[in-house]
Amino acid sequence: VQSSFAMKGKKNWRLSKTLGRQIEVRPIEADDVKYAWAAYRKGELSAMGFVEGLEAPQFKDAFEAYVLLNARAAWTISAQTRNGFVPIGFVLGDWAPQGAFMMIVGISWFPWASRRNIVEGTVAFFNSIRKEINCMGFASREHKRIYDVCCMHGIMNRVGTSLRTGQPIAVYEVR
């Protein structure tokens, strides 16, 4: 199975090249909910457990509750798209027991984010977060490739595999 992040002929990744375009990583703000709403309306946030048919005010309340209950940190990633410089996704993190490191508990990309936006946004996020806090990510088979791309950039290492969930989960940490 070929990952959607496979890039033909790309063997040597350069951090300066991947981060050459403008990418912004910042804490999530109330104004970002409208972009999550747009993604929800296109069915892209179903994995987060939102019921179908919510109106905008109901979704706003449910989204804010979800972030507050499931994450101790939340970031918005913005990049240049066909619609201008807009949020393309968000990242949720939670502290591991005893606050030793931050675990990435979810990354959601909006439907208007291109593959290039996703690669650049992921690399930019992990490159910026590694300068501030220790961080770990866990990837199932379908999400493993994007973490491997971060490893190819030298900003992340694969540290093992967990089998506790019944399926192999790759474990990564930022460098």
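In the predicted model, the lining of the largest pocket draws at least two residues from each of strand S3 (84–95), strand S4 (102–109), helix H4 (115–129), strand S5 (135–139) and helix H5 (144–152). The most comes from S4, which contributes 6 residues. The space in this pocket amounts to about 670 Å³. The lining comprises 24 residues, and those closest to the centre of the pocket are Gly 106, Ile 107, Ser 108, Trp 109 and His 143. By class, 17 residues of the lining are nonpolar, 5 polar and 2 charged.

The largest nonpolar core contains 49 residues, among which Leu 45, Phe 59, Phe 63 and Phe 126 touch the most other members. H4 provides the largest share of this core, 7 residues. Beyond its neighbours within four places in sequence, Phe 126 contacts Ile 104, Ile 107, Cys 135, Tyr 147, Cys 150, Ile 155, Met 156 and Val 174.

A total of 16 aromatic pairs is found in the structure. The ring centres of Trp 37 and Phe 59 are 5.7 Å apart and the planes are at 50 degrees, so this pair is tilted. Because Trp 37 belongs to helix H2 (residues 33–41) and Phe 59 to helix H3 (residues 56–70), the pair ties together parts 22 residues apart in sequence. Trp 37 and Phe 59 are both buried. The pair of Phe 50 and Phe 63 is also tilted, because the ring centres are 6.4 Å apart with planes at 35 degrees. Phe 50 lies in the loop between H2 and H3, and Phe 63 in helix H3, so parts 13 residues apart in sequence are tied together. Phe 50 is buried at a relative accessible area of 11%, and Phe 63 is buried at 2%.

Note on methods
Residues are numbered from 1 along each chain as its sequence is written. This is a predicted model: local features need pLDDT of at least 70, side-chain atom pairs count only at pLDDT 80 or more; totals for chains, interfaces and linings use all residues. Side-chain values use heavy atoms; hydrogens and water are left out. On a 1 Å grid over the protein atoms alone, a cavity is a set of points where a 1.4 Å probe fits but cannot get out, and a pocket is an open set with protein on both sides within 12 Å along at least five of seven lines; lining residues have an atom within 4 Å of a point. Grid points are joined across faces, edges and corners, and a volume is the space filled by probe spheres set on the points. Helices (H or I, at least four residues) and strands (E, at least two) are DSSP runs, numbered from the N terminus. Ala, Val, Leu, Ile, Met, Phe, Trp, Tyr, Cys and Pro count as nonpolar, Asp, Glu, Lys and Arg as charged, and the others, Gly among them, as polar. A nonpolar core is a set of buried Ala, Val, Leu, Ile, Met, Phe, Trp, Tyr and Cys residues joined through side-chain atoms within 4.5 Å. Buried means under 20% relative accessible area, exposed over 50%, partly exposed in between (1.4 Å probe, protein chains only). Contact means heavy atoms within 4.5 Å. Rings of Phe, Tyr and Trp (its six-membered ring) pair if their centres lie within 6.5 Å; planes under 30 degrees apart count as stacked, over 60 as edge-to-face and the rest as tilted.
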